[in-house]
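The entries follow in the order in which I made them.

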Amino acid sequence: MAENVFLFIPNIIGYMRIVLALAAFYFMRTNYILTTFCYLLSGFLDAFDGHAARHYNQSTKFGAMLDQLTDRLALMCFCIGLSVLYPDYYFFFQLNCALDIASHWLHLHQSNLSGRTSHKLIDLSGNPILRIYYTSKPVLFIMCCGNEMFFGMLYLLYFAEGPKLLLDMGLYRLLMYISLPIMLLKALISLIHLITASKNMVAIDMAERSKSK
């Protein structure tokens, strides 16, 4: 009996992430508790689809693309919602989305042209920052979680400060400040990502042009 890739366990987790993200976006202006729960749970499940794919030997190109699209579009849609709540900072949200999508799309495309089976399989002789980012699971986990935490706490701050903690500062504001450097560092890595992928694309172009001469 033929396998149904659509029903592979990691892909089912991916569908659950999409449903949770859509629920978060729908309730974003009316129920901040439900929105936060759904959005963070959707992001949390991102840590399990890859493990499920390896454990059950269900790694697929469809699953990898589903994961990438969910990550990129979830953050983009969330930033669109934040730009409505914080209109004075809409350009920051636009810039963050553009940088995130452009860097990952170009990197994924040049990885495919280079014959790599995953965008996370990089040339270890390449950029040292990207090498650490993709080969160290703790670093990747902290960067992704910290980035999501910043935007999540920024969203919560629109509605409440959270329980009072240090220096009468609310929990949401404190976590936002803690995660701010991580968000900025991840944006810098995305920029490096974009530059490195652009250079790799040009190298592929030059190699192909040399062969054609």
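**Entry 1: α2 and α6.** I looked up the handedness of the crossing of α2 and α6 and found it right-handed; a crossing is right-handed if the near helix is turned clockwise from the far one by less than a right angle, and left-handed if anticlockwise. I note that the model is predicted, that local features need pLDDT of at least 70 and side-chain atom pairs pLDDT 80 or more, while totals for chains, interfaces and linings use all residues. Residues are numbered from 1 along each chain as its sequence is written, and side-chain values use heavy atoms, with hydrogens and water left out.

Helix α2 covers residues 32-55, and its axis lies 10 Å from that of α6 at an angle of about 165 degrees. That makes α2 roughly antiparallel to α6. I recorded how these terms are set: axes are lines fitted to C-alpha atoms, for helices over the stretch in contact, and angles run from 0 to 180 degrees between N-to-C directions. Angles under 35 degrees count as roughly parallel, over 145 as roughly antiparallel, 65 to 115 as roughly perpendicular and the rest as oblique.

I then listed the contact (heavy atoms within 4.5 Å): Tyr32, Thr35, Thr36, Tyr39 and Arg54 of α2 meet Lys137, Glu148, Tyr155 and Leu156 of α6. By class, this contact of α2 with α6 has four nonpolar, two polar and three charged residues. Here Ala, Val, Leu, Ile, Met, Phe, Trp, Tyr, Cys and Pro count as nonpolar, Asp, Glu, Lys and Arg as charged, and the others, Gly among them, as polar.

**Entry 2: α6 and α7.** I found that the axes of α6 and α7 come within 7 Å and cross at roughly 130 degrees. The two helices, α6 and α7, are therefore oblique to each other. The crossing of α6 and α7 is left-handed. Among the residues that meet are Phe150, Phe151 and Leu154 in α6 and Leu175, Met176 and Ile182 in α7. I counted 18 nonpolar, three polar and two charged residues in the contact of α6 with α7.

**Entry 3: α5 and α6.** At what angle do the axes of α5 and α6 cross? I read roughly 90 degrees for α5 (residues 128-135) and α6 (residues 137-157), with the axes coming within 5 Å. Helices α5 and α6 are therefore roughly perpendicular to each other. Ile132, Tyr133 and Thr135 in α5 meet α6 residues including Val139, Leu140 and Met143.

**Entry 4: the whole chain.** I noted seven helices and zero strands in the protein chain; helices (H or I, at least four residues) and strands (E, at least two) are DSSP runs, numbered from the N terminus. The C-alpha trace spans about 65 × 45 × 30 Å along its principal axes.

**Entry 5: the cavity.** I searched the whole structure and found one cavity of 30 Å³ or more. A cavity is a set of points on a 1 Å grid over the protein atoms alone where a 1.4 Å probe fits but cannot get out, and lining residues have an atom within 4 Å of a point. The largest cavity has a volume of about 60 Å³, a volume being the space filled by probe spheres set on the points. Leu75, Asn96, Leu99, Asp100, Asn147, Lys186, Ala187 and Ser190 line the largest cavity.

Technical notes
1 Å grid on protein atoms, 1.4 Å probe; cavity = no way out; pocket = protein on both sides within 12 Å on 5 of 7 lines; lining within 4 Å.
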